[in-house]
Amino acid sequence: MIIEMKTWTVTEGNSEHILKKFEERKAKPSFMEQQPGFLGREALVKKTTRGNEQVIMMVRWASEEALKAWKKSPDHIAG
């Protein structure tokens, strides 16, 4: 298994908006979630300095090859 991590730094309070969109997307599988080798994803919030938060998305893949295939796919490139 391989984990890809993406991090966004946002002003305090705005992480809630990102998490809400993340939860809304769970209702309808994305192209990434339909990709062979996709295992799941989670979003976390980390309080950093005063006034900022970090939203960290961890995406789990069955293998590095599955991640590379996703990154080369037309759906990922178009996104």
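Three strands form an open sheet in this predicted model, in the order S1-S3-S2, with antiparallel pairing. Two strands count as paired if DSSP finds at least two bridges between them. Strands of a sheet pair through backbone hydrogen bonds, either parallel or antiparallel. S1 and S2 stand at the edges with a single partner strand each, so one side of each has no neighbour in the sheet. On average, neighbouring strands are turned by 15° against each other, direction ignored. S2 and S3 run antiparallel and are joined by nine bridges. One example is Arg41, whose bridge partner in S3 is Val59.

**Overall layout**

The protein has three helices and three strands. From the N terminus on, they run β-α-β-β-α-α. Helices (H or I, at least four residues) and strands (E, at least two) are DSSP runs, numbered from the N terminus. H1 lies across S1, S2 and S3. H1 runs at about 165° to S2. Contact means heavy atoms within 4.5 Å. Axes are lines fitted to C-alpha atoms, for helices over the stretch in contact, and angles between N-to-C directions run from 0 to 180 degrees. The C-alpha atoms fill a box of roughly 40 × 25 × 20 Å along the principal axes.

**The largest pocket**

The largest pocket has a volume of about 590 Å³. On a 1 Å grid over the protein atoms alone, a pocket is an open set of points where a 1.4 Å probe fits, with protein on both sides within 12 Å along at least five of seven lines; lining residues have an atom within 4 Å of a point. Points are joined across faces, edges and corners, and the volume is the space filled by probe spheres set on them.

The lining has 20 residues, and Arg25, Ser30, Met32, Arg41 and Met57 lie nearest the centre.

H1 gives the most, with four residues. By class, the lining has 11 nonpolar, three polar and six charged residues. Ala, Val, Leu, Ile, Met, Phe, Trp, Tyr, Cys and Pro count as nonpolar, Asp, Glu, Lys and Arg as charged, and the others, Gly among them, as polar.

**Confidence**

The mean pLDDT (the predictor's confidence in each residue, from 0 to 100) is 89, and 100% of residues reach 70 or more. Confidence is lowest in H1, at a mean of 83, and highest in helix H2 (residues 64-72), at 95.

Residues are numbered from 1 along each chain as its sequence is written, and side-chain values use heavy atoms, without hydrogens and water. In this predicted model, local features need pLDDT of at least 70, side-chain atom pairs count only at pLDDT 80 or more, and totals for chains, interfaces and linings use all residues.
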